[in-house]
Amino acid sequence: MNYFSTRDTERTQPISSAQAIKQGIANDGGLFMPESIPAITKEEIASLSALPYTERAANILSKFLTDYSYDELLSSAQSAYSEERFVGGATDISALGETHRVLELWHGPTCAFKDMALQIMPRLLSLALKKTGEKRTAYILVATSGDTGKAALEGYKDIDGIKMTVFYPEDGVSAMQKLQMTSQTGNNVNVSAIKGNFDDAQTGVKNIFSNAEVAKKLDENGIFLSSANSINWGRLVPQIVYYVSAYCDLVAQEDIKLGDIIDITVPTGNFGNIFAAYVAKLMGMPFGKLICASNRNNILTDFINTGVYDRNREFFTTISPSMDILISSNLERLLYLIAGPARCAAYMKSLSETGKYAVEEDVLCKIKESFLADYCTEENTAKTIKDTFDKYSYLIDTHTACALYASLNAEKKNAAEGRKVKILTASTASPYKFAADVIKSLGKTPESESFEVIYELSKLTETEIPAPLAALKDAKVRFNGSVGKTWQEMLACAEKFVGIE
Ligand SMILES: *Cc1c(COP(=O)(O)O)cnc(C)c1O
């Protein structure tokens, strides 16, 4: 199966899936998409229901990554989703009453859903380097506001042929996130603070990436730059798997019958996670509405309701920081599928020139056939955490709370329409990653804002601290360096790590 850029109107530049994963972003600035969406039949869903997660993963991945062998994909999945990395299994589903099901995607080593993709993607990249005859070392630079950096470090540590440096804003991450990153193990990874904010870090990395002289110098040293962010197809495709797998689990547990429709709600930032659910639906999964949940930064709610995407608006810092975003990069993939590459390229041009675009009526109509949008205020985020805990003794994090709030609204809407379906809410982080805000949401005042706050949450709710977070108690800080915020200073730090003076 060939891959094309979302902006390649003539489909002139086909590449393999391995090349798409290695390259990350297309030369024209577009994102890679497969030439067609493979199908999944009811019989396949039935047979996958009897298999473990790793085999479901190999099966679904092999439909998209056709230049990888089934055995390569299976062994990648087996090492990525091992019992050692995902204690108790890759995912879990909890029932809240008759209608609601919560898909826990945070059982991995960093306790956020990004592990689901970032544990397997490095293995796919490593294989891609071999398949494309690449002799150079892939050097991944990451700018992070917290979750992505740690998940990437954990995924890429000790992977052959790959090195990584993560930059984070010195005062812009939580105590927990900082400790998670600065205590990272692995000989091929490096972490540095920058004396600036997240935008400085991101701009610095972008400047390094787009500098031809830098590329030339690295190339002379047998190195090329690569990225691990969520526009890479290698991060998107593993996310399709857990939506298929969750449906299989519900069938296997006899919670639903094969063929029953379910709705799915996803707490959304960059639109990667919910787009994966859409691809699964296009494959033929019996998914009804896909509910896009935002926080106070409700640019996607406005877009899906009106067809106008307008980033010229105030940016809010919220208690669900991984959804604080004004440019949802993966939305481009949806626009490509629905409006085609020519209109997609025009929207993106308008976005970069004016910060705004409007889609035509037919496009909006098509989007609304599958998507519903809702958003959750800070007050409702806190209230949903408290209500859910009071009613079900079930503790959720701030991001999941935004989504569950939208699911509860959707349930009412469905009831009014006489639709009776189960609603699956994606749970994207452990409540212990955002412990201070979760305690406040429960109506208490945390005594500590540092790492120790997780003990308070455990005591208050009588729930268990996830092992990877508890283990940070004894973690040794390896990386306490920090550099200036200019790209030249960041580059010097990055070059030093790979032995270039
Ligand atoms: C990254 C992240 C999201 C947003 O996911 P997208 O794929 O960017 O839409 C939601 N919740 C948490 C906890 C995250 O880390």
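A cavity, on a 1 Å grid over the protein atoms alone, is a set of points where a 1.4 Å probe fits but cannot get out; a pocket is an open set with protein on both sides within 12 Å along at least five of seven lines, and lining residues have an atom within 4 Å of a point. Grid points are joined across faces, edges and corners, and a volume is the space filled by probe spheres set on the points.

This is a predicted model, where local features need pLDDT of at least 70 and side-chain atom pairs count only at pLDDT 80 or more, while totals for chains, interfaces and linings use all residues. Residues are numbered from 1 along each chain as its sequence is written, and side-chain values use heavy atoms, with hydrogens and water left out.

Cavity to begin with. The search of the whole structure gives one cavity of 30 Å³ or more, and the largest cavity holds about 40 Å³ of space. Its lining includes Thr268, Gly269, Ser294 and Asn297. Ile299, Leu300, Met323, Ile325 and Ser328 are also in that lining. By class the lining has four nonpolar, five polar and no charged residues. Here Ala, Val, Leu, Ile, Met, Phe, Trp, Tyr, Cys and Pro count as nonpolar, Asp, Glu, Lys and Arg as charged, and the others, Gly among them, as polar.

Next, the second largest pocket. Its volume is about 860 Å³. Of the 33 residues lining this pocket, Gly108, Cys111, Pro466, Ala467 and Pro468 lie nearest its centre. Helix H7 (147–156) and helix H21 (467–470) each supply at least two lining residues; helices (H or I, at least four residues) and strands (E, at least two) are DSSP runs, numbered from the N terminus. The lining divides into 15 nonpolar, 10 polar and eight charged residues.

Now helix packing. Axes are lines fitted to C-alpha atoms, for helices over the stretch in contact, with angles from 0 to 180 degrees between N-to-C directions. H13 (residues 299–306) and H16 (residues 361–370) pack at about 115°, their axes 8 Å apart. They are therefore roughly perpendicular (65 to 115 degrees; under 35 is roughly parallel, over 145 roughly antiparallel, the rest oblique). Phe303, Ile304, Asn305 and Thr306 of H13 meet Leu364, Ile367 and Lys368 of H16, contact meaning heavy atoms within 4.5 Å. That contact has four nonpolar, two polar and one charged residues.

Last, aromatics. There are 14 aromatic pairs in the whole structure. Tyr53 and Tyr81 have ring centres 5.1 Å apart and planes at 80°, so the pair is edge-to-face. Rings of Phe, Tyr and Trp (its six-membered ring) pair if their centres lie within 6.5 Å; planes under 30 degrees apart are stacked, over 60 edge-to-face, the rest tilted.
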